[in-house]
Amino acid sequence: MFIHILNLKKSYQSGVVTTEVLKGIEMKLEKGGIGVILGPSGSGKSTLMNIIGGIDRGDSGSVVVDGIEVNQLDDNKLTTYRREQIGFVFQFYNLVPSLTVSENIEVVSHISHSPLNMDEVLEAVGIKDKKHRFPRELSGGEQQRVSIARAIIKNPKLLLCDEPTGALDYSTSRSILQLLQQVNEKYGTTILMITHNTAIAAMADRVFKLRSGEIVAESVNQIPVPAERIEW
Ligand SMILES: Nc1ncnc2c1ncn2[C@@H]1O[C@H](COP(=O)(O)OP(=O)(O)OP(=O)(O)O)[C@@H](O)[C@H]1O
Ligand SMILES: [Mg+2]
């Protein structure tokens, strides 16, 4: 199993109040699979994803990603894990405004062990002709393509997407979902994606419904639907 989580718990302390945000999460996702996490605002989706990606730490339980027990890594090893194995895509692209498209991507490829070829990645995400532009000169959908390129140039084993289409209109959202499915097929990248949109779950191999820090339902799609056929 590529992702295997057992009894993961996480609380946040604010003053004297402790809030349990993850209450014993169990989760499995196979290598090369697409997983979708659904759930209402505040249910713990981003917290869970951030722990899987080594941005945050769980309090207890086991989080194994490709044989690595993430929760047991010291700070240096956690940073290396995050840098080398994980690609992140967020709702609001987080591009560096003063750098061009190719420079934004280059920053990541420089610190990677076995980066993919820049032109190949630009081609794959469909922004080769825009590589000398600055983020402000791009549409939202194009900026998200750049952020996906930046995430995949390091050839991560796992791509974590937190509401990747949250800021995009209908048709742009669909093209970004198609792109993520293409990345999954072309590079064999395992993808875990958070969304509020239940229709998107059809493209996943596995769907996890989170509510108040617990997985309340899990389903398996034997035949995931190609993103271009999903409508909502
Ligand atoms: N650093 C933090 N300190 C204290 N509480 C936090 C922190 N991060 C998250 N929380 C709390 O944990 C709960 C879960 O937050 P989380 O961001 O994981 O939710 P979410 O499911 O991603 O929500 P959304 O759909 O709105 O993004 C929320 O109640 C939030 O207020
Ligand atoms: Mg969130």
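## Exercises: helix packing and strand pairing

The axes of helix α5 (residues 140-152) and helix α6 (residues 170-187) come within 10 Å, crossing at roughly 20 degrees. The model is predicted.

**Exercise 1.** Classify the packing of α5 against α6, then list the residues in contact.

*Solution.* 
- Step 1. Take the crossing angle of α5 and α6, roughly 20 degrees.
- Step 2. Angles under 35 degrees count as roughly parallel. Therefore α5 is roughly parallel to α6.
- Step 3. List the contact residues. From α5 come G141, Q144, R145, I148 and I152; from α6 come T172, S175, I176, L179, L180, V183 and Y187.
- Step 4. Sort them by class. The contact of α5 with α6 has seven nonpolar, four polar and one charged residues.

**Exercise 2.** Repeat the analysis for helix α3 (residues 101-110) and α5.

*Solution.* 
- Step 1. The axes of α3 and α5 come within 8 Å and cross at roughly 25 degrees.
- Step 2. That angle makes α3 roughly parallel to α5.
- Step 3. The crossing of α3 and α5 is right-handed.
- Step 4. V101, N104, I105 and V108 of α3 meet V146, A149 and R150 of α5.
- Step 5. By class, the contact of α3 with α5 holds five nonpolar, one polar and one charged residues.

**Exercise 3.** Find the edge strands of the open four-stranded sheet and explain what sets them apart.

*Solution.* 
- Step 1. Write the strand order: β2-β1-β4-β5, with antiparallel pairing.
- Step 2. Read off the edges. β2 (17-29) and β5 (68-69) each have a single partner strand, so one side of each lacks a neighbour in the sheet.
- Step 3. Check the β5 end. Strand β4 (residues 60-65) pairs with β5 in the antiparallel sense over two bridges. V65 has I68 of β5 as its bridge partner.
- Step 4. Place the helix. α1 (residues 45-52) lies across β1 (3-14), β2 and β4, and runs at about 120 degrees to β1.

**Exercise 4.** Describe the hairpin formed by β9 and β10.

*Solution.* 
- Step 1. Strand β9 (residues 206-211) and strand β10 (residues 214-220) pair in the antiparallel sense over six bridges.
- Step 2. Pick out a facing pair: V207 stands opposite S219 in β10.
- Step 3. Inspect the turn. Two residues lie between β9 and β10, and S212 in the turn has a positive phi of about 45 degrees.

Definitions and conventions: Residues are numbered from 1 along each chain as its sequence is written. Chains are lettered from A and ligands numbered from 1 in the order in which they are written. This is a predicted model: local features need pLDDT of at least 70, side-chain atom pairs count only at pLDDT 80 or more; totals for chains, interfaces and linings use all residues. Side-chain values use heavy atoms; hydrogens and water are left out. Two strands pair if DSSP finds at least two bridges between them. Contact means heavy atoms within 4.5 Å. Axes are lines fitted to C-alpha atoms, for helices over the stretch in contact, and angles run from 0 to 180 degrees between N-to-C directions. Angles under 35 degrees count as roughly parallel, over 145 as roughly antiparallel, 65 to 115 as roughly perpendicular and the rest as oblique. Ala, Val, Leu, Ile, Met, Phe, Trp, Tyr, Cys and Pro count as nonpolar, Asp, Glu, Lys and Arg as charged, and the others, Gly among them, as polar. A crossing is left-handed if the near helix is turned anticlockwise from the far one by less than a right angle, and right-handed if clockwise.
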